[in-house]
Amino acid sequence: MASAADAPKAEGMTGFLGWIERNGNKLPDPVFLFFYLIIALVIISIISAALGVSALHPTSIDENTGGALKIEAVSLFAADNIQRLWVEMPKTFTHFHPLGYVLVVMLGAGVAERSGFFAAGMAKAVKSAPKALLTPVVALVAMLGNHAADAGYVVLIPLAGILFAAAGRHPLAGIAAAFAGVSGGFSANISPGQLDALLFGITEEAVGASALDPAWTANIAGNWYFISAMTVLFLPIIWYVTDKVIEPKLGVWTGGATAGAAEDGTSPDPTAHDGDLASKGLAHAGIAALAVIALWAVMVFAPGTPLINEAACLNDAGARIADCSIHSELRPFYQSLVAAFFVLFLACGWAYGRATGTINNHRDLVNMMSESMKDMGYYLVLAFAAAHFVAMFGWSNLGLISAVHGAAAIQSTGLPLPIVLGLMVLFAALLNLFVGSASAKWALLAPILVPMLMLLGISPEGATAAYRVGDSATNIITPLMVYFPLILVFAQRWKKDFGLGSLTAMMVPYSIFLLISGTLLIVLWFYLGLPLGPDAPVEYVLPGAGG
């Protein structure tokens, strides 16, 4: 399998995208970007404290005056904050909410990926597709393949090219459809996964730092309904753009089904293996999945279940509160979903590996889990930097002060809240052209945007949903995207002179259609007031503010 490092040196692009490529490459690594931002934050906090920058807390009352509590900027160079930085450094890092969420899920996902379960599942789904439905099946599997992490890129995208060529269609159209689904539809899926754990962990950290709602906790199913709607919406869009826009421009394919052979003589099919053995493994994995689902169902519906908090809807006399939402009782279940995905991925990967021979004993299983943690090494370093940036924003009070003044500025413009969400989508999409990491961008934006939108009446789940729409749509046109060179390698197997500009031009229509449709979806969603997920309304009322 070729790697991103194997990509041939392409000539630089011109125009706006060329400008993005040149200037984006000048940006430091996201880890150092956070450290530079921390230095800037310290300087700004010193100046703000000296100038007496402040804001009135929207809900807290000053016990001495009886009026709104005044929040003042605090210098990060003050003695107590310097002490806090060094003394609480281990706590600041280990208590960073996304850290535990992501590592737990990836322990299981690493086994599912390394055992071959993810790759075999995607290959089976795509290879079984009727020719007339090849494009939508590829797009759907690509979007669902987001749970498979790297496997979606290194397995499905080259496989899509092979299958399109075998069907007499242009292989580059297959690569484009798969790339659009895996990366352009990065947040779309029919169920939450590790991305939800990552983003909502950062959202929870931002809410906690703002102190606006100490009782708010992350629910990784908080965007479940919305990302499912994204999947339904994006599927026909990718299908239409592939069949009606991209493939006609590529022309008729006459190279045959084997023209994509790698230069080293190996097959370009990354899933070339015993089909019967893979089918056996998938059957075993399916049984394991049903067992995990049954286990969680028992823990929800059985008498005395640990995942239902019946006391949440009982008053002091033990009588049921009439208007109490069932979601209050289900909160332990929602909070258990991180563990549920860990067990699900682990069980499916283990069952598949035992059936196919990729896991022979418990040591193989432990080794796969260890290897998955090795892959998370860079994320740990990034999380260390991001955790301190978010925490120090809270210590300085600048996050809440910025949110209060920002909310007031937006209110003064008279813009409808759905339009505010739409503008946030566009801003995230623009920033994504320069900073590719979804977690780095959200850790940078969330400390201000989440509390600001809460003050405007938009829930943390709504802010997260708007961010992920913008974060996905422009993934497929920025040359700074980490897999961009690898996709170029896959395309050049079929067309040798296919360059970086060609790949970008091919993906621009997808990006435009996905960005416009995603923005309209979040705006319409807010207008209709639909819940974004279970117990996750799009609107928000501050505690003590009424409603």
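1. In this predicted model, helix α11 (residues 224-250) packs with helix α23 (residues 500-528) at an angle of about 150°, and their axes lie 9 Å apart. Because angles over 145 degrees count as roughly antiparallel, α11 is roughly antiparallel to α23. The crossing of α11 with α23 is right-handed.

2. The contact of α11 with α23 holds 21 nonpolar and three polar residues, with no charged residues.

3. A second pair is formed by helix α5 (residues 97-114) and helix α10 (residues 194-210), whose axes are 7 Å apart at an angle of about 170°. That angle makes α5 roughly antiparallel to α10.

4. On the α5 side, the contact uses H97, P98, Y101, V102, V105, M106 and A109. From α10 come Q194, A197, L198, G201, I202, E204 and E205. By class, the contact of α5 with α10 has nine nonpolar, three polar and two charged residues.

5. The second largest pocket holds about 900 Å³ of space. Its lining consists of 27 residues, and those nearest the centre of the pocket are H147, S191, F341, L344 and F345.

6. Which helices supply at least two residues each of the lining of the second largest pocket? Among them are α6 (117-127), α7 (134-144), α12 (275-301) and α15 (337-356). The largest share, six residues, comes from α15.

7. By class, the lining of the second largest pocket has 22 nonpolar and five polar residues, and no charged ones.

Definitions and conventions
Residues are numbered from 1 along each chain as its sequence is written. This is a predicted model: local features need pLDDT of at least 70, side-chain atom pairs count only at pLDDT 80 or more; totals for chains, interfaces and linings use all residues. Side-chain values use heavy atoms; hydrogens and water are left out. On a 1 Å grid over the protein atoms alone, a cavity is a set of points where a 1.4 Å probe fits but cannot get out, and a pocket is an open set with protein on both sides within 12 Å along at least five of seven lines; lining residues have an atom within 4 Å of a point. Grid points are joined across faces, edges and corners, and a volume is the space filled by probe spheres set on the points. Helices (H or I, at least four residues) and strands (E, at least two) are DSSP runs, numbered from the N terminus. Ala, Val, Leu, Ile, Met, Phe, Trp, Tyr, Cys and Pro count as nonpolar, Asp, Glu, Lys and Arg as charged, and the others, Gly among them, as polar. Axes are lines fitted to C-alpha atoms, for helices over the stretch in contact, and angles run from 0 to 180 degrees between N-to-C directions. Angles under 35 degrees count as roughly parallel, over 145 as roughly antiparallel, 65 to 115 as roughly perpendicular and the rest as oblique. A crossing is left-handed if the near helix is turned anticlockwise from the far one by less than a right angle, and right-handed if clockwise. Contact means heavy atoms within 4.5 Å.
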